[in-house]
Each structure stands twice: as structure tokens, then as C-alpha cells.
Amino acid sequence: MLLKKGAEANIYLEPFAKVLHRAGEGKVVVKERIAKKYRIPALDQILREARTALEAKLLSDAKRAGVPTPIVYEVDRIGMRIVMEFIEGRQVKLVLDKLGKGERRKLCQTIGRQIARLHRAGMVHGDLTTSNMIVNSDGKVYFVDFGLGGYDPSTEERGVDLHLLRRALQSIHFRIADQAYAAVIAGYREELGKKAEEVIRRAKEIESRGRYVAKEERAWH
Amino acid sequence: MGVSGNGISSGGHRFGIGDSLMICLGIEGTAHTFGIGIVDSTGRVLANATRTYFPEQGGIHPREAAQFHAAQARAVLDEALKTAQIELGDVDLVAFSQGPGLGPVLRTAATAARALAVWLGVPIIGVNHCVAHIEIGRLTEGARDPVTLYVSGGNTQVIAFDAGRYRVFGETIDIPIGNCLDAFAREVGIPHPGGPAVERLAREGRNYIPLPYVVKGMDLSFSGLMTEAVRRYREGADIKDLCYSLQETAFAALVEVTERAVAHTEKREVMLTGGVAANNRLREMLKQMAEEHRAKFFVPPKEFCGDQGAMIAWNGILAYRSGYRQSLRETEVRQRWRTDEVEVTWRRS
């Protein structure tokens with residue numbers, strides 16, 4: 001079943017038994033990078049393969065760094081597909097406004113801590129929006145869609161991560177955006193300590209440049 | 001060098017009956033080209049005279065370019081007036097390229113504009129060069145609200161209108177694509193302008209040589225690509241294959257960032273403009289992407305893709321008619337004037 005048709009990839013929800021092994025239960029998510037006709041096949045192949053591999057690696061490295069992500073079951077470099085765990089839960093986008101003040105602060109702090117862990121491990125997500133986060137019934141927050149992510153320890157890229165999340169909050173959760181972002185920053189500081197300040201400052205500076213705008217909704221859950 | 005007065009009239013840009021016809025003289029001077037365009041308020045381009053400075057060797061030298069512009073200004077003005085068949089006294093408004101661009105070059109155009117405006121006793125308006133490229137494309141092509149890929153020797157941006165401004169949805173973090181192609185050509189001994197020669201050679205390339213493809217989120221980077229292509233040339237790679245690979249790599253990155261902007265904004269139009277818009281392979285790729293998104297694809301005629309004064313004049317009219325005014329003091333040039341800093345007083349959506 002097609003969940004989401006993106007600019008770069010299609011996302012499908014399939015039975016585990018159909019994709020991986022007939023003895024398996026439940027569902028899996030399949031992310032398939034689409035061939036682009038505008039570029040020559042040689043380049044298209046290189047790009048899709050590298051990005052598929054990179055995203056799979058980011059998903060596992062993030063998990064190792066203490067950030068919940070879907071388990072990667074299979075990386076198919078011929079079909080340019082990643083088969084991964086289906087996370088049962090709800091997009092943070094759909095619950096954030098409905099939570100009580102205390103719960104919301106807790107959730108946002110968790111998000112901030114997880115961003116800090118990613119950054120500390122040398123990664124950036126590249127597309128932090130509340131649609132790319134899934135909260136399950138235990139309150140665990142999963143980061144998904146690392147399609148624009150990378151290994152980049154620069155303050156600039158980290159600042160962009162924070163800034164994009166802020167923009168996403170402002171556009172979708174405008175009533176509570178300021179307190180939500182403040183809680184994210186509190187969690188980020190708590191986890192990173194002094195190193196957080198430089199990134200937070202950079203995020204502010206990026207905002208003053210006024211060039212980045214919140215990206216499309218691209219989550220698949 | 002080109003001159004024209006081809007009388008393109010606009011479909012959707014007529015103003016209210018109460019507005020009298022107005023003639024604007026626009027002066028362009030940001031890089032190689034000095035241009036004077038004359039446009040009336042119905043969107044008719046009456047003249048669009050240009051002179052382009054070619055450095056004898058190496059890249060553009062700002063002061064030399066400025067001297068060239070100053071020396072050519074009078075001839076270009078005479079030519080524009082003659083083509084438009086008007087007298088200087090018929091001009092109601094003077095517009096000029098206030099930025100972004102090379103300092104000495106911008107100041108030359110600005111000085112000419114101030115002198116003319118003061119002498120004629122008419123208002124003066126400074127226009128953003130990048131925004132003017134979009135506005136002339138909207139005028140001549142009838143595009144209403146495109147995602148624009150603006151590619152030239154000095155600029156590389158993906159621009160779309162959103163919440164009252166022209167927002168930058170992607171841009172180069174180092175050298176512009178036109179500069180990348182020209183600099184590569186120069187390094188391998190192809191004379192200026194290198195772009196068209198690279199395109200011709202690329203058509204005969206067969207083997208793709210992998211080169212650095214750098215898209216970071218919405219940002220593009222071409223300096224590593226250029227350096228690597230030159231390095232491969234020195235190692236003895238076939239020049240045709242290299243030109244082919246250079247174009248394919250750079251253009252795929254441009255199209256990908258434009259595609260993201262299209263997906264994000266959900267706009268139904270894509271426009272390609274700037275000097276590099278002359279490249280047929282880039283056109284073909286962008287057109288294909290646009291079709292996949294069921295978006296209309298526009299490329300203004302070559303004359304209106306390159307730098308010229310008509311776009312400055314037309315943007316001057318748009319700004320003036322929307323009530324925008326500038327004092328002489330406010331006409332100081334802005335070398336780094338960003339597209340998203342421009343107050344777009346003439347557009348609501």
C-alpha cells in the first residue's frame with residue numbers, strides 16, 4: 001500500500017511476510033528511491049545507491065547514539081529500497097497541540113535531548129519536523145526519514161536542524177510554538193551542556209538571514 | 001551585443017484606466033553587461049540595448065568592467081532612444097540595478113541613473129537584479145507564479161514567491177554555475193564565453209566520469225566539481241566526456257533543488273532564466289522535471305534571459321505603480337542585496 005509519494009522516494013506499508021519472510025508477522029515500511037528521468041542513468045544509479053546506503057547507516061547509527069529509529073531490516077542496493085520496522089504510534093504533529101502543558105513540555109524536552117544525541121554523534125537529521133517524529137504508547141519518540149541527513153559536525157548544519165524544527169513548530173503549531181521550542185532547547189542544553197550554546201546562537205543567526213523555510217510534510221506514518 | 005525593440009505586449013499587466021501611460025528607462029549594470037531598456041507601463045518593451053565587456057584574459061575585473069560601462073553608456077543610451085523612437089524628455093521614470101553585483105559596476109550604473117533622473121526631474125527607483133529577472137520572465141512569458149531557477153555567471157538561485165517575498169529555496173554556497181562552466185573552460189584552454197563551447201563538446205561525450213555531486217539540503221556547491229573536472233582533464237581524461245560529465249552532474253543538482261522547491265510550494269509553474277538558460281541540455285532536464293510534476297515550463301527568449309535594461313525598467317514600473325518611492329539618498333548601491341530582502345510591494349500572491 002502506497003503511504004506517501006515524495007519528491008525523491010515512495011513509501012509503502014507492506015506485510016512483513018510479503019517482503020521479508022513468510023513466517024514473519026506484522027508490517028514493514030519500504031522506502032524506495034525513484035529513478036529520475038531528467039538525469040542520466042549512470043548518475044542516477046550512483047546517487048540513489050549512495051543515498052540509500054547513507055540513510056540506512058544513519059538510521060542504525062542514530063539508534064546506537066540513543067535516538068529511537070525504526071530497525072533497518074534490509075538494504076537493497078539494486079532495488080534502491082530500505083525495508084524497516086513499522087513504528088506503531090502517532091505523528092508528533094497530530095498530538096502536540098492536544099497534550100497538556102506538562103506533557104507537552106516533557107515530549108519537547110525529549111525531542112531536544114534526542115537532537116543533541118544525534119549531533120553529539122556527528123549526525124544531522126536535515127529535515128526535523130513534527131511529521132518526521134512518531135510517539136508510541138510508551139512515550140518513546142522515534143525520528144524517521146533521514147533522507148536529507150548526513151554526517152556533518154559543523155555548527156551551521158546543527159543550527160539548521162534546530163532552525164528547521166522551529167520553523168515547523170511556527171507554521172504547524174503556531175499557538176504553542178514558542179513554549180514548545182523553549183522546551184526543545186531546554187532538553188538540548190541539558191544533554192549537550194556548554195556545547196549547546198554555540199548551536200543555539202547559530203540557529204538564531206540563521207533565522208535572521210531569513211532564507212530557510214519550513215520544508216514539506218514528508219513523513220510516512 | 002544585442003539591440004531590439006520587439007514590442008512584446010503583456011497580457012495580464014494592464015493597469016487601471018485612471019493610470020496614464022508611463023515610460024520607464026532602466027539601466028542595468030551589475031557584471032559584464034551594460035544595458036538600457038525602455039518599457040512602457042502596458043509592458044511594451046520599446047528598446048533593450050546592451051554592450052558586453054569581455055576580459056582579454058582571465059575572469060571579470062570589476063574596475064575594468066566599470067570603465068567599459070562608463071565609456072559605452074552614451075552610445076547605449078542613444079541607441080535605446082533611437083530604437084524606441086522617443087526623446088529623453090519622454091521618460092517618466094528612471095530605474096537602475098541597485099544590486100546585487102560588483103561594486104564599481106553598480107556605482108557606474110547608479111551614477112548614470114541619478115544624473116539622468118535629476119536632470120530630467122523624474123523619480124528614480126533602484127531595482128533588485130535577481131527579482132527583475134523573474135519579473136521580466138513573468139511579463140514576457142505570462143507565467144503567473146513560477147518556481148524560478150535563475151542561473152548565470154554571477155548568480156545561482158531557486159526562487160519562489162511566498163508570504164509577500166521572493167524566497168530563496170536553494171542557492172550556491174560557493175561559485176555560481178555559470179562561473180563554474182566558464183572557469184573550467186578557461187582552465188582547459190577554451191576561450192570565453194566557455195559555456196556554449198562546453199555545451200557543444202558535451203553533446204559528443206559518451207562516457208560518464210563520476211564527479212562530486214554536492215546538494216546539501218537546499219544548498220548547492222560547484223567549486224569542488226570544477227576543481228575535480230580540471231584535475232581529471234590534466235590526468236588526460238577525454239575533454240568531450242568531461243564536458244558531458246560536468247554538465248550532467250551540475251545540472252542534475254540544479255534540477256533536484258528546483259524539484260524540491262516545486263514539491264514544497266506545490267506551484268504549478270517552473271521558469272528558467274539567466275545566461276545559462278541558453279543551455280539546451282539544462283532546458284531539457286528542467287522541462288522533464290516540470291512535466292513529471294505537471295507544471296508548466298517557461299524560458300523567456302534569450303534576449304530576456306541575459307542581463308539587460310528592460311527587466312530593470314519593467315520592475316521599476318511595477319514598484320512605482322505600487323506606490324514605492326525612493327529618495328536619492330536611498331539609491332546607494334547594495335552589493336549583497338539578497339533576493340529575500342526585497343520588499344515586493346507590487347505582488348500580493
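In the predicted model, the axes of helix H4 (residues 177–187) and helix H5 (residues 194–203) of chain B come within 8 Å and cross at roughly 75°. Axes are lines fitted to C-alpha atoms, for helices over the stretch in contact, and angles run from 0 to 180 degrees between N-to-C directions. H4(B) and H5(B) are therefore roughly perpendicular to each other (65 to 115 degrees; under 35 counts as roughly parallel, over 145 as roughly antiparallel, and the rest as oblique). On the H4(B) side the contact is made by B:Gly178, B:Leu181, B:Asp182, B:Phe184, B:Ala185 and B:Arg186, and on the H5(B) side by B:Gly194, B:Gly195, B:Ala197 and B:Val198. Two residues are in contact if their C-beta atoms, placed from the backbone, lie within 7 Å. By class, this contact has five nonpolar, three polar and two charged residues; Ala, Val, Leu, Ile, Met, Phe, Trp, Tyr, Cys and Pro count as nonpolar, Asp, Glu, Lys and Arg as charged, and the others, Gly among them, as polar.

Residues are numbered from 1 along each chain as its sequence is written, and chains are lettered from A and ligands numbered from 1 in the order in which they are written. As this is a predicted model, local features need pLDDT of at least 70 and side-chain atom pairs count only at pLDDT 80 or more, whereas totals for chains, interfaces and linings use all residues.

The secondary structure of chain B comes to 10 helices and 12 strands, and that of chain A to seven helices and 10 strands. Helices (H or I, at least four residues) and strands (E, at least two) are DSSP runs, numbered from the N terminus. Chain B has a radius of gyration of 20 Å, which agrees with the value near 20 Å for a compact globule of 349 residues. For chain A, with 221 residues, the radius of gyration is 17 Å, in agreement with a globule value near 17 Å. The radius is taken over C-alpha atoms, and the globule rule is 2.2 Å times the number of residues to the power 0.38. Buried residues make up 54% of chain B and 42% of chain A (buried, 20 or more other C-beta atoms within 10 Å; exposed, 12 or fewer; partly exposed, in between; C-beta atoms placed from the backbone).

Chain B is divided into domain 1 (23–136 + 304–341) and domain 2 (145–300), with bounds from an automatic or database domain assignment. The domain centres, taken over C-alpha atoms, are separated by 26 Å. In the contact between them, 15 residues of domain 1 meet 19 residues of domain 2. Helix H3 (129–141) and helix H9 (302–305) each give two or more residues to the domain 1 side, and the largest share, five residues, comes from H3(B). That side has nine nonpolar, five polar and one charged residues.

Between the chains, 19 residues of chain B are in contact with 17 residues of chain A. Strand S8 (165–172), helix H7 (239–265) and helix H8 (280–292) each give two or more residues to the chain B side, and H7(B) gives the most, with eight.

B:Val342 lies in the segment after helix H10 (309–321) of chain B. This residue is partly exposed, because 19 other C-beta atoms lie within 10 Å. Not counting residues up to four places away in sequence, B:Val342 touches B:Asn128, B:Val131, B:Arg165 and B:Tyr166.
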